[in-house]
Every structure is written in structure tokens, then in C-alpha cells.
Amino acid sequence: MKIGFLMKQMDKITAIRIPSLPERFKGGRIERWKDYWLGVARDYKEASLDIVTSSREQPIRATLVGTTLVFTGICVKMNPNERDYRSNFMNNGLDLLQVSDTIRNSGSASLFNYLSKAYNENLIRRMNFGIFSIMWVDDFSPELGLYAAQCEYMKPGWLDMRYRLVDVGFLGRWWISEKKMAEFDVNENEWNDNGSAANPQQQLKPMW
């Protein structure tokens, strides 16, 4: 029903008669400009009709293609940038500051300390893939005047990224940081494998 209505509307639009140009404008730039845009409109009409016809003949395929396009658009829209990552980094730091060293998760603290040093040396880089982003650590700051920092042939390659990758941004979330901070207030070194306290004299002291 909707497809038929759409086709009727397109026929109405393309059926509109374009008034002819006066004789003095024929054969000139204005007529060529008019013919160009009429050709563009005709091409768009034919492409749209082909899409509508294909959707009628293969509805399942059309649904899958449409869903994929919509999901891709959402991924592009929600692709986090470098500012989002720095904001996430600062929020993680605030969370870690609220717990003492004795109960702070060592993995969360190690990642935060590593990123702090990288930020201080201006080594954090973002690589944008459209639907997702990765954050990685470079060797040198771009302001550094050393030959190794400026030479294109000495910059990290794709095979090195697996060792430099610090986070992956997708659908508005930074997945590695989120996983590391899931239990930032749980120190795994405080407990044995069987669940007992590693240092009961210090950990299980009475509060009063």
C-alpha cells in the first residue's frame, strides 16, 4: 500500500511539465544547466523505481539491507571521539580516587596509570574507522623534533597496533575501559582462590 502510494507520488513529480526556455536562452549555459538537472532527476527516479520493485520482489532481502543500513547509520552517529575518551578517562580516575589503595583493583589502577603517563607525554592517538574507533599509544609526541618522531618510515605499522591498542569505541562505549573498571573497587589480591582472606589479621580486624 505504501509502496504503491510512493510510486504514484513519484510519477506525479516527474510528470510535471517544465516550461520551455525562451529562444534567446536555448543552446546556452542555462539550457545545459536545465538539461543536466533534468537528467539527474530522471536517474534518481529510475533508481528509486528499481529499489521499490526489488523490495516488492524480495522483501526479506530488502528488510535485511534496510536493517543493515539503519544499524550502520546508528554506529556512525554513536562512534565516540577523542574528547569522549578523555572524558571517560577522567571519570574513571574519579571513581578510583574514591576507593583506598587496599581495595583498589590492580588492573583498573594499572590501566589508569599507564594512560595518565601517555596523556602527559601526548602519546594518545585515535584512529577512526567510521562505525568504530580505536585508541592507541604512539612512541613520540608530534611536537618532538627528533628524527625518529618525524620520519614516516619509523612510525608504528599495522602489525604493531595489537601491542599499542588501549581501547575500542563502539556504540558510544569504550569497551576495554568498561571491562577493566567493572570491579574497580575489588582487589583480587586480598582473597585466595577458595574465597578466604589472604591476610586475615589485617583484613578482618573488628571495626570497634
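I started with strand 2 and strand 3 (residues 165–170), which run antiparallel and are joined by five bridges. Pairing here needs at least two DSSP bridges between two strands, and strands are DSSP runs (E, at least two residues; helices are H or I, at least four), numbered from the N terminus. Before going on, I noted that this is a predicted model, where local features need pLDDT of at least 70, side-chain atom pairs count only at pLDDT 80 or more, and totals for chains, interfaces and linings use all residues. Residues are numbered from 1 along each chain as its sequence is written, and side-chain values use heavy atoms, with hydrogens and water left out.

Across that pairing, I found Phe 132 opposite Phe 170 in strand 3.

Next I checked the other partner: strand 1 is also antiparallel to strand 2, with five bridges. Met 127 faces Ile 134 in strand 2. Three residues separate the strands in this hairpin, and Gly 130 takes a positive phi near 90°.

Is strand 2 enclosed or open? Five of the six residues of strand 2 (residues 132–137) are buried, so the rest of the structure largely encloses it. Buried means under 20% relative accessible area, exposed over 50%, partly exposed in between (1.4 Å probe, protein chains only).

**Arg 125**

I placed Arg 125 in strand 1 (residues 124–128). Arg 125 is buried, at 16% relative accessible area. Its contacts (heavy atoms within 4.5 Å), leaving out residues up to four places away in sequence, include Ile 134, Trp 136 and Asp 138.
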